[in-house]
Amino acid sequence: MKELFTIDTKDYNPDGHVFVRPSARAIIERDGKVLVMYSQKYRYYKFPGGGIEAGETPQQALVREVREESGYTVLPETIEEFGSVLRRNRDAKDPDGIFEQQNYYYFCDIGEERVPITQEAYEIEEGFTPVWVDCLFSLTRANRESLRRGGGDPALIEREMRVFDLADNAVRARWFTKKENAAIAALGDDDYAGMLAYVKEVLERQQTEGESGVGVHKLEFGYSRFEHTKRVLGWSKRLYDATPDKTGLRYEDLMIATIFHDVGRSVSIATGEPHAKAGVPITREYLLAHGYPQERVDYICELVGAHSDKWRMTEPDLDRTLLMLMEADYLDDMGALGIVMDTLIVRARKEDATFYDCYNHYSRYTVPMQKESPMVTPEGKALWDEKTEIAERFSKAVLRDISLFE
Ligand SMILES: [Fe+2]
Ligand SMILES: [Fe+2]
């Protein structure tokens with residue numbers, strides 16, 4: 001397991017007897033909240049968990065400890081390593097001894113079942129209560145203040161405080177991935193996840209070879225073509241759901257074409273070929289290898305190959321599925337995301353960029369560009385207008401915040 005850090009108080013006789021007591025600790029996230037134990041006596045937080053008993057695996061100890069302390073049931077198949085923290089200090093029970101504790105932290109999920117809490121005497125004495133919190137990082141303050149007041153076990157309170165900070169990003173990333181995977185599963189076909197994994201691999205393979213299919217955007221920030229693909233998939237789904245008249249719309253083919261629409265970015269940089277055209281053979285090969293019928297493969301490849309021809313959007317007889325893909329592709333990077341993206345661009349172009357530089361860019365570029373709507377369908381227009389309104393309101397709010405006159 002990855003070592004996070006060591007807490008060594010060096011307050012012991014280095015030749016003393018070493019008392020080893022490993023422990024397992026759980027980082028449990030559910031619906032964006034994290035389960036922690038609050039000490040009512042010393043007013044700090046810690047993860048549920050405790051000592052690994054003889055004959056127990058860390059995973060078994062984790063399940064048992066979480067159950068005893070909080071009443072929640074860990075699902076063993078969800079246990080995943082996060083990292084370990086080594087603690088060495090003078091043994092409180094033996095002044096000549098060394099207390100050495102390897103703390104193993106695991107991510108895990110819990111099931112529906114709840115059992116009565118059966119805490120140990122010292123836990124009841126400290127008033128440990130399970131609580132669900134929004135943000136781990138915000139707990140570091142409580143632990144810091146508890147350390148200042150004193151009374152509790154300082155090495156434990158400090159250790160948990162530092163792990164809150166380290167685990168915070170990972171917890172959020174796990175939450176996002178879980179929600180995203182559920183959303184992908186809800187698109188209706190088990191094949192989509194595999195296709196996405198394939199497209200990701202193709203785009204990233206290219207990146208490692210030095211062509212930026214993923215990675216550094218032409219405007220020099222971390223722009224991932226694969227993340228764009230997933231976002232466009234979201235817009236394709238939203239557009240489809242929002243459209244009452246589904247005549248001529250081929251939902252499954254729209255989903256697949258969206259997944260593959262930019263896969264050609266992986267080769268077009270090297271060959272100079274337009275990326276939409278470059279994506280066609282990659283898409284064709286994958287779909288034929290996975291048993292898709294020729295007619296569908298041809299149609300999906302047509303969508304992929306034509307998705308860049310945005311000038312065709314106003315053609316009266318344009319295929320509705322192709323039009324939807326084009327609108328979805330346009331909807332990404334606009335609105336709130338457009339503001340974030342343009343802020344990154346301003347900063348990338350000018351290292352000492354100021355608030356004014358950002359405002360200047362929003363008002364002169366972001367908002368006017370948003371106002372030129374390329375949308376054709378009423379549903380596309382409605383989503384675009386919503387995004388335009390967000391960008392315009394935000395730009396005006398920034399002006400108010402930076403000026404004396406608004
Ligand atoms: Fe594209
Ligand atoms: Fe795209």
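This is a predicted model: local features need pLDDT of at least 70, side-chain atom pairs count only at pLDDT 80 or more; totals for chains, interfaces and linings use all residues.
Let's start with the cores. The largest nonpolar core has 37 residues. Which residues have the most contacts inside it? They are Val 199, Ala 257, Ile 259 and Leu 325. At least two residues each come from α5 (191–208), α6 (225–242), α7 (251–260), α9 (275–289), α10 (294–306), α11 (320–331) and α14 (378–402). The largest share is from α11, with seven residues.

Take Ala 257 as a way in. Leaving aside residues up to four places away in sequence, Ala 257 touches Ile 300, Leu 303, Val 304 and Leu 325.

Now the helices. Two packed helices are described by the angle between their axes and the distance between the axes.

First up, α13 with α14. Helix α13 covers residues 355–371. The axes of α13 and α14 come within 9 Å and cross at roughly 155°. What does that angle make them? Angles over 145 degrees count as roughly antiparallel, so α13 is roughly antiparallel to α14. The crossing of α13 past α14 is left-handed. On the α13 side, the contact includes Phe 355, Tyr 359, Tyr 362 and Val 367. On the α14 side, it includes Lys 387, Ala 391, Val 398 and Ile 402. By class, this contact has ten nonpolar, five polar and three charged residues.

Next, α12 with α14. Their axes are 7 Å apart, and the packing angle is about 45°. That makes α12 oblique to α14. From α12, the contact uses Gly 335, Ala 336, Gly 338 and Ile 339. From α14, it uses Lys 387, Ile 390, Ala 391 and Phe 394. The residues of this contact divide into five nonpolar, two polar and one charged.

Gly 338, Ile 339, Asp 342, Thr 343 and Val 346 make the contact from α12. From α13, the residues include Asp 357, His 361, Tyr 365 and Gln 370. By class, there are five nonpolar, five polar and two charged residues.

Stay on α12 for a moment. Leu 337 lies in this helix, which covers residues 335–349. Compare its position with Val 131. Leu 337 and Val 131 are 206 residues apart in sequence, and their C-alpha atoms are 33 Å apart in space.

Last stop, two loop residues with positive phi. Lys 10 is found in the loop between β1 (3–8) and β2 (18–20). Its phi is near 50°, a positive value in a residue other than glycine. Lys 10 counts as exposed, because it has 8 C-beta neighbours inside 10 Å.

Where is Arg 43? It lies in the loop between β4 (33–39) and β5 (44–46). Arg 43 is not a glycine, yet its phi is positive, about 55°. With 16 C-beta neighbours inside 10 Å, Arg 43 counts as partly exposed.

Terms used: Residues are numbered from 1 along each chain as its sequence is written. Chains are lettered from A and ligands numbered from 1 in the order in which they are written. Helices (H or I, at least four residues) and strands (E, at least two) are DSSP runs, numbered from the N terminus. A nonpolar core is a set of buried Ala, Val, Leu, Ile, Met, Phe, Trp, Tyr and Cys residues joined through C-beta atoms within 7 Å. A residue is buried if 20 or more other C-beta atoms lie within 10 Å of its own, exposed if 12 or fewer, and partly exposed in between; C-beta atoms are placed from the backbone. Two residues are in contact if their C-beta atoms, placed from the backbone, lie within 7 Å. Axes are lines fitted to C-alpha atoms, for helices over the stretch in contact, and angles run from 0 to 180 degrees between N-to-C directions. Angles under 35 degrees count as roughly parallel, over 145 as roughly antiparallel, 65 to 115 as roughly perpendicular and the rest as oblique. A crossing is left-handed if the near helix is turned anticlockwise from the far one by less than a right angle, and right-handed if clockwise. Ala, Val, Leu, Ile, Met, Phe, Trp, Tyr, Cys and Pro count as nonpolar, Asp, Glu, Lys and Arg as charged, and the others, Gly among them, as polar.
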